[in-house]
Amino acid sequence: RVDFVNVEPVPADLDAELVRRLERAAAGCDVILVSDQAETKQGGVVTPAVREALTRLAAARPAMVVWVDSRLRAEHFRGVIVKPNREEAEAASLRALGRVDFPALRRWMQAKLLVITHGGDGAMVVGEHGTAWARARRVPQPVDVCGAGDSFSAGAALTLQVTGDPAAAARVGNLAASVTILKRGTGTASPAEVLAADQESRPENA
């Protein structure tokens with residue numbers, strides 16, 4: 001992730017170098033998180049060449065989690081896990097298919113999973129064998145929602161790598177987000193805080 005607004009195309013030599021460095025770094029990774037948040041036509045450094053490299057890496061190493069959060073270009077990724085929010089997913093589906101159809105969008109992207117966050121309602125997990133919901137821990141008075149999506153992605157992607165369970169991944173992602181929205185600014189969620197949130201959200205403690 002590179003948080004500089006760039007409205008010009010990435011030069012070809014820089015684009016090729018980004019791909020080379022991504023491929024070298026991936027050899028030592030179990031999880032790759034891609035934050036494609038640039039709201040410009042060019043899309044920052046997550047270029048078509050970088051997207052193609054991510055597809056190759058995901059195919060070459062199926063055990064590695066390649067998790068993408070894309071604000072405006074979700075439908076352009078292939079063969080990875082894609083996590084938009086509801087509005088982003090609906091817009092991507094309309095661009096790709098002309099209708100809102102999340103299972104069809106997942107197939108269009110050849111995505112291993114399509115994980116759609118719905119704020120306080122939790123997350124929808126769309127996979128090859130159907131759709132499931134992971135309900136969120138209710139936070140009556142969130143302080144700042146900035147960073148909630150990033151926290152969800154971090155918690156969910158790491159959990160998916162460890163457990164291989166999409167439902168568990170979405171649950172932990174929801175818990176991580178529920179911790180960060182209680183903090184000012186772009187908050188973080190420590191393992192201890194996530195475990196405490198999990199304990200608090202259990203029915204016997206409701």
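This is a predicted model: local features need pLDDT of at least 70, side-chain atom pairs count only at pLDDT 80 or more; totals for chains, interfaces and linings use all residues.
Glu88 sits in helix H3. Setting aside neighbours within four places in sequence, the contacts of Glu88 are with Asp69, Ser70 and Arg71. One more distance for this residue: Glu75 is 13 residues away from Glu88 in sequence, and their C-alpha atoms are 10.0 Å apart.

Now the chain as a whole. It has 7 helices and 6 strands. Read from the N terminus, the order is α-β-α-β-β-α-α-β-β-β-α-α-α. The radius of gyration is 17 Å, close to the 17 Å from the globule rule for 206 residues, so the chain is as compact as a globular protein of that length. The C-alpha trace spans about 55 × 35 × 30 Å along its principal axes. Of the 206 residues, 44% are buried. As for the contacts with a separation of 6 or more, 58% are between residues 24 or more positions apart.

Next, the interior. In soluble globular proteins, nonpolar side chains tend to be buried together. Here the largest nonpolar core has 29 residues, and Ile32, Leu54 and Leu114 have the most contacts inside it. At least two residues of this core come from each of the following: helices H1 (12–26), H2 (48–60), H3 (86–97) and H4 (102–109), and strands E1 (31–36), E2 (65–70), E4 (113–117) and E5 (123–127). Which element gives the largest share of this core? That is H2, with 5 residues.

Leaving out residues up to four places away in sequence, Leu54 touches Leu22, Ile32, Val34, Val66, Phe77 and Val80. Apart from this core lies another one, of 19 residues, and Val31, Trp67, Ala157 and Ala169 are among them.

Since H2 came up, let me stay with that helix. H2 has 13 residues, and the distance from its first C-alpha to its last is 18 Å, close to the 18 Å expected at 1.5 Å a residue. Its buried residues are Val50, Arg51, Ala53, Leu54, Leu57 and Ala58. How do they lie when seen down the axis of H2? They fall within an arc of 160°, so they line one face of the helix. The buried residues of H2 pack against H1, E1 and E2. On the other side of the helix, Ala59 and Ala60 are exposed.

The other helix I looked at is H6, residues 166–180. H6 has 15 residues and reaches 21 Å from first C-alpha to last, close to the 21 Å expected at 1.5 Å a residue. The buried residues here are Ala169, Ala170, Gly173, Asn174, Leu175, Ala176, Ala177, Ser178, Val179 and Thr180. Ala169 is also among the residues of the 19-residue core. What covers the buried residues of H6 includes E5, strand E6 (130–134), H5 and helix H7 (191–201).

From the H5 side, consider Ser151. This residue is found in helix H5, residues 148–163. Ser151 counts as buried, at 10% relative accessibility. Not counting residues up to four places away in sequence, it touches Gly173, Ala176, Ala177, Thr180 and Gly187.

Cys29 counts as partly exposed, at 24% relative accessibility. Cys146 is also partly exposed, at 38%.

The second is a backbone angle. Most residues other than glycine have a negative phi. Gln110 is not a glycine, yet has a positive phi of about 50°. Where does Gln110 lie? It is in the loop between H4 and E4. Is Gln110 buried or exposed? At 56% relative accessibility, Gln110 counts as exposed.

How values were computed:
Residues are numbered from 1 along each chain as its sequence is written. Side-chain values use heavy atoms; hydrogens and water are left out. A nonpolar core is a set of buried Ala, Val, Leu, Ile, Met, Phe, Trp, Tyr and Cys residues joined through side-chain atoms within 4.5 Å. Buried means under 20% relative accessible area, exposed over 50%, partly exposed in between (1.4 Å probe, protein chains only). Helices (H or I, at least four residues) and strands (E, at least two) are DSSP runs, numbered from the N terminus. Contact means heavy atoms within 4.5 Å. The expected span of a helix is 1.5 Å times one less than its number of residues. The arc is that of the directions from the helix axis to the C-beta atoms. The radius of gyration is taken over C-alpha atoms; the globule rule is 2.2 Å times the number of residues to the power 0.38.
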